[in-house]
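Visitor: I would like to learn how to read a few local features of a model. Please take them in turn, with the general idea before the case.

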Amino acid sequence: MKRIGPRDDDESGIACDRRTFLVGGGALALGGLLGSNALGTPSDRGPWPETEEFVVGFSSTVSDVAAAAHAAVPDAVDVRHSNETIGYATVSLPSVSERVRDGALEAIAAADVVEYVEPNASLHASVVPNDSEYDRQSAPQQVGCETAWETTVGSEDVSVAVVDQGVQYDHPDLEGATGEAGANFVGSGDDPSPADADERHGTHVAGIAAGATDNGVGTAGISDCSLLTARALGGNGQGSLSNIVDGIQWAADAGADVINVSFGAPQHYETLSSACEYALEQGALLVGAAGNKGSETVDFPAAYEDVVAVAALDGDGIASYSNVGQAIDVAAPGTDLLSTVPWDDYARISGTSMAAPVVAGVAGLALSAHPDLSPLELREHLLATATDLGLDETRQGAGRVDAAAAVETAPSPDGANGDATGE
């Protein structure tokens, strides 16, 4: 069902062979981090688009990416950052003519150890703001959380990571879920908190996936699993490709079982794909937002085979803003979801960014009930237990994610529904 991101040709028709040279732009939705085996300091790295910065991917045979980058680039090109784990470096070109810039990039791409060159693009949050007021939540009820919670509200041994904007980790509905502050990859300092009250996307996403349940305060999150937070996007909801990639790597290395990525872009990036593959290899299931343009094409990274692509529901139908397509795996409530925002507050926001953490939370519940599931087995279990809404598969995927069925149904080796474990 899932359409894998283009490898031989991307959606713009640019060849993506071993020495791909991409100088086009491309806006992604929500992002920004940096990382390596020893993550570099982000003091001079912002979430905005790096218009003169490019990502250079190296062959897996390269043992020292930083040294290879310095050897591969002309003297006038600055190597800004390297990630030894994912195998890339970012390089910054001086202010030169387009002809000179293209010549320098072509020279870099021609090096034997270079696999590709692509822009250090900017990703944007998959959100449709909506200030409508309601007197109660609806998402947990729609996906059967009340029944699932009778078995488990989520195990602290299962961790859900949110790679997003800053998260107010000491929010009354979040402080119990975060064992530590997390990581910051935007601007200076280590604190992953939001810069101000307007930077609320990350806190909202975190509250949906792992806000405290049955604590007498505010809203109920889908799960009570442990929460990891990585601030990879700035207050404007944007983050560089390299910062996002490093954020995903950090979450995987920190032991995340589920990683929520509520950001996207309309085109494939090798570096982003590599980060998703790495996270899966480390034992994490990635859950991504399909995008909010109402198009027939799912944004990346949700469109990758390694990521569960989530469409947003409005009631029992697909929301008008939600992207759809062959890559959709499941659907979840995404319209007017009430959740946490800075500072110690709550708000309703709509978007596939909100639908994705519903699925991430359900994944946490399912893994709490069935802890032996591998990431791919967990994914198949979520799809096998989803509720068919009678919509086309390109719109709903397997159907609406179902927490009750995911928790109470015994996983089947072939992905089909097994017997219920409850009475």
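Guide: The structure holds one cavity of 30 Å³ or more. This is a predicted model, in which local features need pLDDT of at least 70 and side-chain atom pairs count only at pLDDT 80 or more, while totals for chains, interfaces and linings use all residues. Residues are numbered from 1 along each chain as its sequence is written, and side-chain values use heavy atoms, with hydrogens and water left out.

Visitor: How is a cavity found, and what volume does the largest cavity have?

Guide: Rolling a probe the size of a water molecule over the atoms shows where empty space is left. A cavity is a set of points, on a 1 Å grid over the protein atoms alone, where a 1.4 Å probe fits but cannot get out; lining residues have an atom within 4 Å of a point. Grid points are joined across faces, edges and corners, and a volume is the space filled by probe spheres set on the points. Here the largest cavity has a volume of about 80 Å³.

Visitor: Which residues line the largest cavity?

Guide: The lining consists of Gln137, Ser138, Ala139, Pro140, Ile208, Ala220, Ile222, Asp336, Leu337 and Leu338. At least two lining residues come from each of α3 (139-142) and β18 (337-341); helices (H or I, at least four residues) and strands (E, at least two) are DSSP runs, numbered from the N terminus. The lining has seven nonpolar, two polar and one charged residues. In these classes Ala, Val, Leu, Ile, Met, Phe, Trp, Tyr, Cys and Pro are nonpolar, Asp, Glu, Lys and Arg are charged, and the others, Gly among them, are polar.

Visitor: How do I read helix packing, for instance at what angle α6 and α7 pack?

Guide: Axes are lines fitted to C-alpha atoms, for helices over the stretch in contact, and angles run from 0 to 180 degrees between N-to-C directions. Helix α6 (residues 241-253) and helix α7 (residues 270-281) pack at about 5°, with axes 9 Å apart. That makes α6 roughly parallel to α7; angles under 35 degrees count as roughly parallel, over 145 as roughly antiparallel, 65 to 115 as roughly perpendicular and the rest as oblique. The residues of this contact divide into nine nonpolar, two polar and one charged.

Visitor: How do α8 and α9 cross?

Guide: The axes of α8 and helix α9 (residues 375-384) come within 10 Å and cross at roughly 110°. The two helices, α8 and α9, are therefore roughly perpendicular to each other. Val359, Val362, Ala363, Ala366 and Leu367 in α8 meet Leu378, His381 and Leu382 in α9, where contact means heavy atoms within 4.5 Å.

Conventions:
On a 1 Å grid over the protein atoms alone, a cavity is a set of points where a 1.4 Å probe fits but cannot get out, and a pocket is an open set with protein on both sides within 12 Å along at least five of seven lines; lining residues have an atom within 4 Å of a point.
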